[in-house]
Amino acid sequence: MRNSKTTYTGKINIDELENATQHPCLIVLKGSVADLRTLIRLDRNLISIGRGDAMDIQISEIAVSRNHALLQQLNANQFLLIDTNSSNGTVVNNKPVTSVL
């Protein structure tokens, strides 16, 4: 667990996946975040993403900026992903974005 506000639960089992529908979460499918198939509960209104030590979600990839993006909760089931002028940009579904719901 990285800090007390953003929860990393490690490898996902079916019970966690069923419970995840009760709370917003990210499921990491590939990359270096903690472990493959990691469940990250989105339990804050603003979540920072990047390589930097102070980031809520830390991604240790050279293509990721120290302060890469933010997830801002708009309501119970909706988040806005905001690129924070990262060097390589943010991509969603193979399309570059500056912000996306």
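## A mixed sheet and its surroundings

An open sheet of 5 strands runs in the order β5-β4-β6-β7-β10, with mixed pairing (two strands pair if DSSP finds at least two bridges between them). Its edges are β5 and β10 (99-100), each with a single partner strand, so one side of each has no neighbour in the sheet. This is a predicted model, in which local features need pLDDT of at least 70 and side-chain atom pairs count only at pLDDT 80 or more, while totals for chains, interfaces and linings use all residues. Residues are numbered from 1 along each chain as its sequence is written, and side-chain values use heavy atoms, with hydrogens and water left out.

**Strands and helix**

- The chain holds 1 helix and 10 strands; helices (H or I, at least four residues) and strands (E, at least two) are DSSP runs, numbered from the N terminus.
- Strands of a sheet pair through backbone hydrogen bonds, either parallel or antiparallel.
- Here, β4 and β5 run parallel and are joined by 2 bridges.
- Gly-50 stands opposite Gln-58 in β5.

**Inside and outside**

- Of the 101 residues in the chain, 32% count as buried; buried means under 20% relative accessible area, exposed over 50%, and partly exposed in between (1.4 Å probe, protein chains only).
- The largest nonpolar core has 12 residues, including Val-28, Ile-47, Leu-71 and Phe-79; such a core is a set of buried Ala, Val, Leu, Ile, Met, Phe, Trp, Tyr and Cys residues joined through side-chain atoms within 4.5 Å.
- Two or more residues of this core come from each of β4, β6 and β7 (78-83).
- The accessible surface of the chain is about 6,700 Å², and 50% of it belongs to carbon and sulfur atoms (Shrake-Rupley method with a 1.4 Å probe; for residues, only the protein chains shown count as cover).

**A salt bridge between loops**

- A search of the whole structure turns up 1 salt bridge, meaning a side-chain nitrogen of Lys or Arg within 4 Å of a carboxyl oxygen of Asp or Glu.
- The side chains that meet are those of Asp-56 and Arg-44, at 2.3 Å, N to O.
- The two residues are 12 residues apart and link distant parts of the chain: Asp-56 is in the loop between β4 (46-50) and β5 (57-58), and Arg-44 is in the loop between β3 (38-41) and β4.
- Asp-56 is buried at 8% relative accessibility, whereas Arg-44 is partly exposed at 23%.

**Loop residues to look for**

- Ser-65 sits in the loop between β5 and β6 (69-75) and is buried, with 10% relative accessibility.
- Leaving aside neighbours within four places in sequence, Ser-65 is in contact with Gly-50, Arg-51, Ser-86 and Ser-87 (contact means heavy atoms within 4.5 Å).
- Most residues other than glycine have a negative phi.
- Asn-85, although not a glycine, has a positive phi of about 55°; Asn-85 lies in the loop between β7 and β8 (90-92) and is exposed at 75%.
- Asn-93 also has a positive phi, of about 50°, without being a glycine; Asn-93 is in the loop between β8 and β9 (95-97) and is exposed at 69%.

**Confidence**

- The average pLDDT of the chain is 78, and 69% of the residues score at least 70; pLDDT is the predictor's confidence in each residue, from 0 to 100.
- Over residues 1-9, pLDDT stays under 50, and the model has 31 contacts beyond four places in sequence for them.
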